[in-house]
Amino acid sequence: MKACYDPRSMKTPDKPSGELVTRTVAMPKDTNPNGDIFGGWLMSQMDLGSGILASKMAKTRVVTVALDGMSFLQPVRVGDTVACYARVDSIGRTSMKIPVEVWVQRYMKTEQVLVTRAVFTYVAIDQEGRPVAVERG
Ligand SMILES: CC(C)(COP(=O)(O)OP(=O)(O)OC[C@H]1O[C@@H](n2cnc3c(N)ncnc32)[C@H](O)[C@@H]1OP(=O)(O)O)[C@@H](O)C(=O)NCCC(=O)NCCS
C-alpha cells in the first residue's frame, strides 16, 4: 500500500523557498477563540499570494482547484509579521502547482519562523471559466 503523505516527515527548511508574494501584520480581528491567529485567515493569505504568482505566470484569470498537504507547524500571534513565499513547482497543460510557505517574524524579534505550508493547484481559465492552456516560457 502506498504511504500517506505526512508533512512531519519533511525537513524544516532554515530559510524561505520562493518569492515573497504577500506580507502583512496579524491583527486582533484575525484571532480564533484561543487568541491565536485563525487558520482560515492564514489560508486566505496563502491563496491570495499564490494566486498572484499563478496569474502572473498564466497571464490570464486563474482559479484554485486543489490544496494539498496543508500543515500548521507553529501558531501565529497578534503582531507577528506574516510573509507568504511561493514558487511555481510544475506546469501541466492548464494547471500549475505552487508550493506556498508562511514565515513569521515574531513581534519585536528578528528571526523568521516557518509556521505553515501547503501546495496550491491553480487552473488557468478564460472569460467563461473554461480551462485554457498555460503558455510556457
Ligand atoms: C478548475 C475548473 C475550471 C477545472 O474544470 P474541469 O472541467 O475539471 O477541467 P479539466 O478536467 O480539464 O482539468 C483542468 C486541469 O485541472 C486539473 N485538476 C482538476 N481537478 C483537479 C484536482 N482536484 N486536483 C488537481 N488538479 C486538478 C486537471 O488535472 C487539469 O490539469 P492539466 O490541464 O494541467 O492537465 C473547475 O473544476 C472549476 O471551476 N472549479 C471551481 C474552482 C473555484 O471556484 N475555485 C475557487 C474555490 S473558492
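User: What is the mean pLDDT of the chain?

Analyst: This is a predicted model, and the confidence of the predictor can be summarised over the chain, where 92% of the residues reach 70 or more. Residues 1–5 stay under 50, and for this stretch the model has two contacts beyond four places in sequence. The mean pLDDT of the chain is 92.

User: Which strand gives the most to the shell around the ligand?

Analyst: The residues around the ligand include Val 63, Thr 64, Val 65 and Ala 66, and also Thr 121 and Val 123. Two strands, β2 (61–72) and β6 (112–125), each supply at least two residues of this shell. The strand that gives the most, with four residues, is β2.

User: How many residues of the shell around the ligand are charged?

Analyst: Among the residues around the ligand are Gly 92, Arg 93, Thr 94, Ser 95, Gly 129 and Pro 131. By class, the shell divides into five nonpolar and six polar residues, and the number that are charged is one.

User: Which residue has a polar side-chain atom 2.7 Å from an oxygen atom of the ligand?

Analyst: A backbone N or O atom of Thr 64 lies 2.8 Å from a nitrogen atom of the ligand, while a polar backbone atom of Arg 93 is 2.8 Å from a ligand oxygen atom. The polar side-chain atom that lies 2.7 Å from an oxygen atom of the ligand belongs to Thr 94.

User: What percentage of the accessible area that the ligand has on its own does the protein cover?

Analyst: On its own, the ligand has 960 Å² of accessible area. Of this area, the part that the protein covers is 41%.

Methods:
Residues numbered from 1 in each chain as written. Predicted model: local features only at pLDDT ≥ 70, side-chain atom pairs only at ≥ 80, totals over all residues. Heavy atoms only, no water. pLDDT = per-residue confidence, 0-100. Contact = heavy atoms within 4.5 Å. Near = heavy atom within 4 Å. Polar contact = N/O pair within 3.5 Å; in protein donor to acceptor, adjacent residues only side chain to side chain. Areas by Shrake-Rupley, 256 points an atom, 1.4 Å probe, with all protein chains shown as cover. Nonpolar A, V, L, I, M, F, W, Y, C, P; charged D, E, K, R; others polar.
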